[in-house]
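Take a moment with the sequence and the model below. The text that follows walks through the structure one part at a time.

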Amino acid sequence: MIIVAIFLYYGFFGFLYHIILKMKGEPVLWRYACSLLSILSLLAALHLSIPDFNLEILMQRYKWYFRCYFSFTIVFFYLGGWQKSKKIADVAKQKNFRSHLFKSFIGLLIYLAFEFNLISF
């Protein structure tokens, strides 16, 4: 488990490096979404590397905070992605980017439907 935690720490610091130095011209919401995702990577790494750090108990205790956190991450991701797609000059690349954004949104809706038992088999 410590090896997975090391990769997650590497992902966290890699995200921060990329956000701070490489994404200066990107939309702010896109950068916020990436930073929120990097914090999730840090929490997962802490959960795997520190024995007393139990993320599941923390998520149950602060359930609404985590739901708001995930909601902000999702909203920032899609709004930032839409802003990023507006900056693409090539129409074909812009359509491709938006189709991937739309497909991921459909996938998210299906996941949420299963998560909240709106669809069951």
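The lining of the largest pocket draws on several helices: helix H2 (28-49), helix H3 (55-61), helix H4 (63-86) and H5 each supply at least two residues. The model is a predicted one. H4 provides the largest share of this lining, with nine residues. The volume of the largest pocket is about 600 Å³. Its lining counts 17 residues, and those closest to the centre of the pocket are Phe 66, Arg 67, Phe 70, Tyr 111 and Leu 112. Sorted by class, the lining of the largest pocket holds 11 nonpolar residues, three polar ones and three charged ones.

The pocket can now be placed in the chain as a whole. There are five helices in the chain and zero strands, and read from the N terminus on, the order of elements is α-α-α-α-α. The C-alpha trace spans about 50 × 45 × 25 Å along its principal axes. Of the 121 residues in the chain, 21% count as buried.

Ala 33 has its place in helix H2. Its relative accessible area is 1%, so Ala 33 falls under the 20% limit and counts as buried. The C-alpha atom of Ala 33 is separated by 8.7 Å from that of Tyr 78, although the two residues are 45 residues apart along the chain. Cys 34 is also found in helix H2. With 13% relative accessibility, Cys 34 is likewise under 20% and therefore buried. For Cys 34 and Phe 76, which are 42 residues apart along the chain, the C-alpha atoms are separated by 8.8 Å.

Which residues form a salt bridge with each other? Glu 26 and Lys 84 do, and their closest N and O atoms are 3.7 Å apart. The pair joins distant parts of the chain, since Glu 26 sits in the loop between helix H1 (2-22) and H2, while Lys 84 is in helix H4, 58 residues apart. The count of salt bridges in the model comes to one. Are the two partners buried, exposed or partly exposed? Glu 26 has a relative accessible area of 25%, and because this lies between the limits of 20% and 50%, Glu 26 is partly exposed.

Other residues are open to the outside. Ile 20 belongs to helix H1. At 51% relative accessibility, Ile 20 is over the 50% limit and so counts as exposed. Between Ile 20 and Ser 35, which are 15 residues apart along the chain, the C-alpha atoms are separated by 9.5 Å. Asn 117 lies in the segment after H5. The relative accessible area of Asn 117 is 61%, which is over 50%, and Asn 117 is therefore exposed. Asn 117 and Trp 30 are 87 residues apart in sequence, and from C-alpha to C-alpha they are 30 Å apart in space.

Phe 102, Phe 105, Ile 106, Leu 109, Ile 110, Phe 114, Phe 116, Leu 118 and Ile 119 make a nonpolar surface patch of about 860 Å². One of these residues, Phe 114, has its place in helix H5 (residues 91-115). Phe 114 is partly exposed, with a relative accessible area of 37%.

Notes:
Residues numbered from 1 in each chain as written. Predicted model: local features only at pLDDT ≥ 70, side-chain atom pairs only at ≥ 80, totals over all residues. Heavy atoms only, no water. Patch = residues over 30% accessible without salt bridge, like charges linked within 9 Å, V, L, I, M, F, W, Y side chains within 5 Å. Areas by Shrake-Rupley, 256 points an atom, 1.4 Å probe, with all protein chains shown as cover. Salt bridge = Lys/Arg side-chain N within 4 Å of Asp/Glu carboxyl O. Helix = DSSP H or I, 4+ residues; strand = E, 2+ residues; numbered from the N terminus. Buried < 20%, exposed > 50% of the residue type's maximum accessible area, 1.4 Å probe, protein only. 1 Å grid on protein atoms, 1.4 Å probe; cavity = no way out; pocket = protein on both sides within 12 Å on 5 of 7 lines; lining within 4 Å. Points joined across faces, edges and corners; volume = space filled by probe spheres on them. Nonpolar A, V, L, I, M, F, W, Y, C, P; charged D, E, K, R; others polar.
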